[in-house]
Amino acid sequence: MDNEIVWQDRKRVWCGLPWTFTKYELSKQKLIIKTGFFTQNQDEVRLYRVLDLSLKRSLLQRIFGLGTINCHSVDKTMKNFEIKNIKNSENVKNQLSDLIEEARKENRVSSREFMTEPEDDDEVGEEE
């Protein structure tokens, strides 16, 4: 089932305790971020729309076994977002990366990266 939750966690405070109102849910097709207590917001991004992931772990986060995953996507409402202060962040990042690749294959989405070399006129330090 595509909507089956494969991972979920809560954003944690600096000491690793889940005393926040931010929840993360990951299925094979999408990532959902729920925030708020009085006013609740729910954001969702389809995994095939995520372009790049990176992991950031400060000294304090490493002490308490936490990390933050930075995500960049082509989604209009969630271009750049973070999955903040989660346990097992490296494992979650790897799982998310694998699910993104599966979702891209399933939805027949490919990303093209264009790499160019600088033209002769653009070279740094060129004498006139």
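Let's start with E44, which sits in strand 4, residues 41-46. Helices and strands here are DSSP runs, numbered from the N terminus: a helix (H or I) needs at least four residues and a strand (E) at least two. This is a predicted model, where local features need pLDDT of at least 70, side-chain atom pairs count only at pLDDT 80 or more, and totals for chains, interfaces and linings use all residues. Residues are numbered from 1 along each chain as its sequence is written, and side-chain values use heavy atoms, leaving out hydrogens and water.

Leaving aside residues up to four places away in sequence, E44 touches K30, L31, I32, D75 and M78, where a contact means heavy atoms within 4.5 Å. K34 is ten residues from E44 along the chain, and their C-alpha atoms are 8.7 Å apart.

## Rings that pair up

Now for the aromatics: the structure holds four aromatic pairs. Rings of Phe, Tyr and Trp (its six-membered ring) pair if their centres lie within 6.5 Å; planes under 30 degrees apart count as stacked, over 60 as edge-to-face and the rest as tilted. One of the pairs is W7 with Y24, with ring centres 6.4 Å apart and planes at 15°, so this pair is stacked. W7 belongs to strand 1 (residues 5-10) and Y24 to strand 2 (residues 23-27), so the pair ties together parts that are 17 residues apart in sequence. W7 is buried at 12% relative accessible area, and Y24 is buried too, at 2%.

Another pair is F21 with F37: the ring centres are 4.9 Å apart and the planes meet at 40°, so the pair is tilted. This one links distant parts of the chain, with F21 in the loop between strand 1 and strand 2, and F37 in the loop between strand 3 (30-35) and strand 4, 16 residues apart. F21 is partly exposed, with a relative accessible area of 49%. Ring pairs also link F21, F37 and F38 into a cluster.

Which order do the strands take in the open sheet of three strands? The order is 5-6-7, with antiparallel pairing; two strands pair if DSSP finds at least two bridges between them. Strand 5 (50-56) and strand 7 are at the edges with a single partner strand each, so one side of each has no neighbour in the sheet. From one strand to the next, the twist averages 20°.

Strand 6 (residues 66-73) and strand 7 run antiparallel and are joined by six bridges. Across that pairing, L66 stands opposite K87 in strand 7. Helix 2 packs on the sheet, touching strand 5, strand 6 and strand 7, and its direction makes about 170° with that of strand 5. Axes here are lines fitted to C-alpha atoms, for helices over the stretch in contact, and angles run from 0 to 180 degrees between N-to-C directions.

Most residues other than glycine have a negative phi. N85 has a positive value instead, near 45°, and N88 has a positive phi as well, near 50°.

N85 lies in strand 7, residues 80-87, and is buried, with a relative accessible area of 17%. N88 is found in the loop between strand 7 and helix 2 (89-106), and is exposed at 52%.

Note on methods:
Buried < 20%, exposed > 50% of the residue type's maximum accessible area, 1.4 Å probe, protein only.
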